[in-house]
Amino acid sequence: MQTLTELEHQAMELPENERAVLAAHLLNSLPACLSEEDEGVAEALRRERELNQNPAAALSLAELKSVLKPSR
């Protein structure tokens, strides 16, 4: 059986998208540490539902940076 260190090393050699999928699977396997009663979690869940219903409402990173860029 592999050690945690060996598994971590192998995981870090994966392409970024595969590491992201692995990380999501690992996080989803853990019990929730916050409850939906938490306002921040509730807001995040509301925003996720909103984006799932209308993906066109999302901003790309470039668009976000443009919106946040101070006017000169």
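Which residue forms a salt bridge with Glu43, the closest N and O atoms being 2.8 Å apart? It's Arg47, with a salt bridge taken as a side-chain nitrogen of Lys or Arg within 4 Å of a carboxyl oxygen of Asp or Glu. This is a predicted model, where local features need pLDDT of at least 70, side-chain atom pairs count only at pLDDT 80 or more, and totals for chains, interfaces and linings use all residues. Residues are numbered from 1 along each chain as its sequence is written, and side-chain values use heavy atoms, leaving out hydrogens and water.

The protein chain has 4 helices and 0 strands; both are DSSP runs numbered from the N terminus (helices H or I, at least four residues; strands E, at least two).

Back to the charged pairs: the count comes to 3 salt bridges. Glu43 also pairs with Arg46, with the closest N and O atoms 2.6 Å apart, and Arg46 in turn bridges to Glu50 at 3.0 Å. That leaves Glu43, Arg46, Arg47 and Glu50 linked in a network. Arg47 and Glu43 sit about one helical turn from each other because they are 4 residues apart in helix H3.

What about burial? Buried residues (under 20% relative accessible area; exposed is over 50%, partly exposed in between; 1.4 Å probe, protein chains only) make up 3% of the 72 residues in the protein chain. Glu43 has a relative accessible area of 29%, so it's partly exposed. Leu59, found in the loop between helix H3 (39-53) and helix H4 (61-68), counts as exposed because its relative accessibility is 52%.
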